[in-house]
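Please consult the sequence and the structure shown here while reading the points below.

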Amino acid sequence: GFGAGSILLGRLIDTKGAFVTLLLSTVLIAGGYALAALAPSLAVFALLQAVIGIGAGAAFIPLVADTSHWFAKRRALAMAICASGNYIGGALWPKITEVVARQYDWRTTYLVVATICFVGMLPACLVLRPRSPAHAGTTAVAPHSSRALGLSPNGLQLWLGIAGIGCCAAMAMPQVHIVAYCVDLGYGTTRGAEMLSIMTVFGIVSRLGSGWIADRIGGLKTLLLGSTAQAVALLGYLMSDGLAGLYVVSALFGLFQGGIVPSYAIIVREYFAPKEAGTRLGLVLMATLLGMALGGWMSGAIFDLTGSYSAAFLNGIVFNLLNVSIMVWLLRRSPRPPAIAAMA
């Protein structure tokens, strides 16, 4: 649902603007949670999760795309700040739902979430009523929009999608399996959960830092930097199985990987026409989600076959190198780095 919502509502935000899109997102999220609280069966409950996911999809990549139309000089940083809301929400919501669920039950918790989303998001939608410069026809066209890097727009879209699968298949290994990995090493679930929290916190720092860097060197180089550093962190998991070392590597992994997905948003704004930003970003995000799903499943399957997570980490590094190779290839096709400042 989240992937489909990113594409469908990404297209809507390109044509109708942020206000209409986020208003629909608010209805889908709040309504989905409220109806899920009343679900009479597991099948209905599962279907409503997809509805919630579609609504939530609009509040990440499509909103980042719309944000990009309002900035020029510090566009990448603005997009990174917007994308950080996704991580901050991921850190806050589990604490809120845990407290409510402990006091009441899951149905009441869902109703509380529905209320908070509706009351919190609706006023925010009103702030987004003005149409962005892209919809007013005042945004400069991306400098490589017709044939970027010697590739057709759909050709570049395809390669970005493959790159997204590569980096996120690698990214999924620690994010999905760090708790199980800690259990396998004898440290228990609590330590693994703490490491996952550390990844999230440093991921927020990474997103902001990557935006700052991308404003200076461009999205492709920023993505290459983050992807290469992520491969180093994965190698660090193989070299360190002590508790202190795992905490350090988890912090570094979060610091390196947090800015990777937002870097794709910056690349799309550099190389595609502004009017296509929401749709193009939605397609890239779907590819990264497929990579996360593939990487999480493959890591578990490899562990089941080998009885060890070492081969799973190596598999992640191989997928990461696929991403690095594509970024290097694309950069070599670029006669000069895209000048974001030139759009000012």
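What follows is a short account of the core, the aromatic pairs, the salt bridges, the surface and the cysteines.

The model is predicted. Its largest nonpolar core has 59 residues. A search of the whole structure finds three salt bridges, and the structure holds 11 aromatic pairs. The count of disulfides is zero.

**The nonpolar core**

- In soluble globular proteins, nonpolar side chains tend to be buried together.
- In this model, the largest nonpolar core comprises 59 residues, and those with the most contacts inside it are L156, L160, Y237, Y264, Y271, M327 and L330.
- Helix α8, which spans residues 153-185, gives the most to this core, contributing 12 residues.
- L156 lies in helix α8. L156 has a relative accessible area of 1% and is therefore buried, since buried means under 20%.
- The C-alpha atoms of L156 and R102 are 48 Å apart in space, while the two residues are 54 positions apart in sequence.

**Aromatic pairs**

- A pair of aromatic rings is described by the distance of the centres and the angle of the planes.
- The structure holds 11 aromatic pairs. One of them is formed by W106 and Y110, whose ring centres are 5.7 Å apart and whose planes stand at 90°, an edge-to-face arrangement.
- Both W106 and Y110 belong to helix α6 (residues 106-127), where they are four residues apart, about one turn of the helix.
- Is each member of this pair buried or exposed, or does it lie in between? W106 is partly exposed, with a relative accessible area of 38%, whereas Y110 is buried, with a relative accessible area of 17%.
- Y237 and F253 also form an edge-to-face pair, because their planes are at 65° and an angle over 60 degrees counts as edge-to-face. The centres of these two rings are 6.2 Å apart.
- Y237 lies in helix α10 (residues 219-239) and F253 in helix α11, so this pair ties together parts that are 16 residues apart in sequence.
- Both Y237 and F253 are buried. Y237 is also among the residues with the most contacts inside the largest nonpolar core.
- Ring pairs link Y181, Y237, F253, F303, Y309 and F313 into a cluster.

**Salt bridges**

- How many salt bridges does the whole structure hold? The search finds three.
- E98 forms a salt bridge with R102, and the closest N and O atoms are 3.4 Å apart.
- E98 and R102 are four residues apart in helix α5 (residues 75-103), so about one helical turn separates them.
- E98 counts as partly exposed, at 43% relative accessibility, while R102 counts as exposed, at 54%.
- R191 forms a salt bridge with E194, the closest N and O atoms being 3.4 Å apart.
- R191 and E194 are three residues apart in helix α9, so they too are separated by about one helical turn.
- R191 counts as partly exposed at 36% relative accessibility, and E194 counts as partly exposed at 32%.
- The side chains of E276 and R280 meet in a salt bridge with an N to O distance of 3.2 Å.
- E276 counts as partly exposed at 28% relative accessibility. R280, by contrast, counts as buried because its relative accessibility is 11%, and buried means under 20%.

- V201, F202, V205, V248, L252 and L255 make a nonpolar surface patch of about 470 Å².
- The elements that give two or more residues to this patch are α9 (189-217) and α11 (243-257).
- V201, one of the patch residues, lies in helix α9. The salt bridge between R191 and E194 is placed in helix α9 as well.

**Cysteines**

- A disulfide is a covalent bond between the sulfur atoms of two cysteines.
- How many disulfides are counted in this model? The count comes to zero.
- C82 is in no disulfide, and the nearest cysteine sulfur, that of C125, is 13 Å away. Two sulfur atoms must lie within 2.5 Å to count as a disulfide.
- C182 has 0% relative accessibility and so counts as buried.

Terms used:
Residues are numbered from 1 along each chain as its sequence is written. This is a predicted model: local features need pLDDT of at least 70, side-chain atom pairs count only at pLDDT 80 or more; totals for chains, interfaces and linings use all residues. Side-chain values use heavy atoms; hydrogens and water are left out. Patches are made of residues with over 30% relative accessible area and no salt bridge: like charges are joined within 9 Å, nonpolar side chains (Val, Leu, Ile, Met, Phe, Trp, Tyr) within 5 Å. Accessible areas come from the Shrake-Rupley method with a 1.4 Å probe; for residues, only the protein chains shown count as cover. A salt bridge is a side-chain nitrogen of Lys or Arg within 4 Å of a carboxyl oxygen of Asp or Glu. Buried means under 20% relative accessible area, exposed over 50%, partly exposed in between (1.4 Å probe, protein chains only). A nonpolar core is a set of buried Ala, Val, Leu, Ile, Met, Phe, Trp, Tyr and Cys residues joined through side-chain atoms within 4.5 Å. Rings of Phe, Tyr and Trp (its six-membered ring) pair if their centres lie within 6.5 Å; planes under 30 degrees apart count as stacked, over 60 as edge-to-face and the rest as tilted.
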